Amino acid sequence: AQLEFFPLLNLVGLFVASAIGADDIFVAVDKWNNARVASPKEATTEDIAEIALPDAAGAMLLTTITTSVAFFATCVCPITPILCFATYCGLLVFFNYILNILIIFPSLCLWDIWQQNGSTSRFVDLRNKKEKTTDKADDKTVESSDDESPTKIQTKHRILLLLFDQIDRFRWPLLVACLAAAGGCLYVALQFPVPESMDVRLLPSSHPFELHNNWGVKLLHRELWKPVAVVYVLFGLDSGDTGPPNNPDYLSKLLLDDTFNPSTEEAQLYLRDFCDGLFAQDFAIPLETCAINQFETWLQEQSSSATPSSAYSDNCDAAAALPVPVGAFDPCIIAWSKEAGNTS
């Protein structure tokens, strides 16, 4: 389905793409540097690219797939902003990988060519000076077994190799510990209570302000005095939504109930007494007179008037109150709504 709705939540995806893109660049550059250090000095840029780029592309693809799948899995959520955010970020991560392949890899090749050709570019020159300084301070030269050119092992690589050895040595205890930690986290997560409201509360639940708020929320009087507590009762409509489910900017059309017939005498009397019965309740506050009661007042005024309006005399069959004769109800109430300008 086409998603035309663009929530502000999608702007968070820009930060996600920036973070993942920076990580992919780091992986690509590090793989290139490792390949250049491990290769003979006479190795060409094509030789380094043949070694480093497939390795970097595979590592980047793995992280891209896991991140994209995580976002796309959230598309099962029926809430439109979350659905759009998950789809947007999933596609953003995928195309981010493609752009890294198309831009970063050629840039690394050009950078390596400039280095090999002794470019006078300020950036390349500063980079070369930095590498020479780092090599003198942190690198250790180890003779290879075949007595070929020495291989430089940087300090950070020695630390990573040592860390890898320790992880490999204790891999099974670490696996058991990770599974136990995951099980513990899952158990604790299942104990969390379901949120009772969307309000963000900053104070502890035991604080007097929070206790007062929790007590007040349960009062019907407080809910009724909220602006959202205004209730509109509409007759003759059917429940349904014809708007696009993934675009809340477009509202649903009204669906008419074909079985609703207000012209019968029973329906007229029920509609007339509905508002009086509703406003007789303690929790209801009348804000305005119902349309059907305004219509009956108009009938009484017109029937007792010496000069009734043409809308009444031509359509209402001399009715003085509800119920109006069945055949005259529809034209009579339509004529009244046009005269009074009331379409409710």
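Author: Asp 55 and Lys 31 meet through their side chains in a salt bridge of 3.2 Å, N to O, a salt bridge being a side-chain nitrogen of Lys or Arg within 4 Å of a carboxyl oxygen of Asp or Glu. Because Asp 55 lies in helix H2 and Lys 31 in helix H1, this pair ties together parts that are 24 residues apart in sequence; helices here are DSSP runs of H or I with at least four residues, strands are runs of E with at least two, and both are numbered from the N terminus. Asp 55 is partly exposed at a relative accessible area of 40%, and Lys 31 is likewise partly exposed at 27%, where buried means under 20%, exposed means over 50% and partly exposed lies in between, with a 1.4 Å probe and protein chains only.

The model is a predicted one, in which local features need pLDDT of at least 70 and side-chain atom pairs count only at pLDDT 80 or more, while totals for chains, interfaces and linings use all residues. Residues are numbered from 1 along each chain as its sequence is written, and side-chain values use heavy atoms, with hydrogens and water left out.

A search of the whole structure finds five salt bridges, and another of them brings together the side chains of Asp 112 and Arg 36, at 2.7 Å from N to O. Asp 112 lies in helix H3 and Arg 36 in helix H1, so this pair ties together parts that are 76 residues apart in sequence. Asp 112 counts as buried, at 0% relative accessibility, and Arg 36 also counts as buried, at 17%.

Both of these residues also touch Thr 45, which, leaving aside its neighbours within four places in sequence, is in contact with Trp 32, Arg 36, Cys 109, Asp 112, Ile 113 and Gln 116; contact means heavy atoms within 4.5 Å. Thr 45 belongs to helix H2, which covers residues 45–73, and it is buried, with a relative accessible area of 9%. Trp 111, in helix H3 (residues 80–116), is buried as well, at 10%. From C-alpha to C-alpha, Trp 111 and Thr 45 are 9.5 Å apart in space, although 66 residues separate them in sequence.

A further salt bridge is formed by Arg 272 with Glu 296, whose closest N and O atoms are 3.6 Å apart. Arg 272 lies in helix H9 and Glu 296 in helix H10, so the pair ties together parts that are 24 residues apart in sequence. Salt bridges that share partners join Arg 272, Asp 273 and Glu 296 into one network. Glu 296 is buried, with a relative accessible area of 11%.

Helix H10 runs over residues 291–304, and its 14 residues reach 20 Å from the first C-alpha to the last, close to the 20 Å expected at 1.5 Å a residue, the expected span being 1.5 Å times one less than the number of residues. Its buried residues are Ala 291, Ile 292, Asn 293, Phe 295, Glu 296, Trp 298, Leu 299 and Gln 302, and what covers them includes helix H9 (265–279), helix H11 (310–315) and helix H12 (326–340). Asn 293 of this helix is buried at 13% relative accessible area, and, not counting residues up to four places away in sequence, it touches Arg 272, Cys 275 and Asp 276.

As for the setting, the chain has twelve helices and four strands, and 26% of its 344 residues count as buried. Among contacts between residues at least 6 apart in sequence, 51% join residues at least 24 apart.

Where pLDDT is low, the predicted coordinates should not be read in detail. Strand S1 (residues 140–142) has the lowest confidence, with a mean of 43, whereas helix H6 (residues 171–190) has the highest, at 93.

Terms used
pLDDT is the predictor's confidence in each residue, from 0 to 100.
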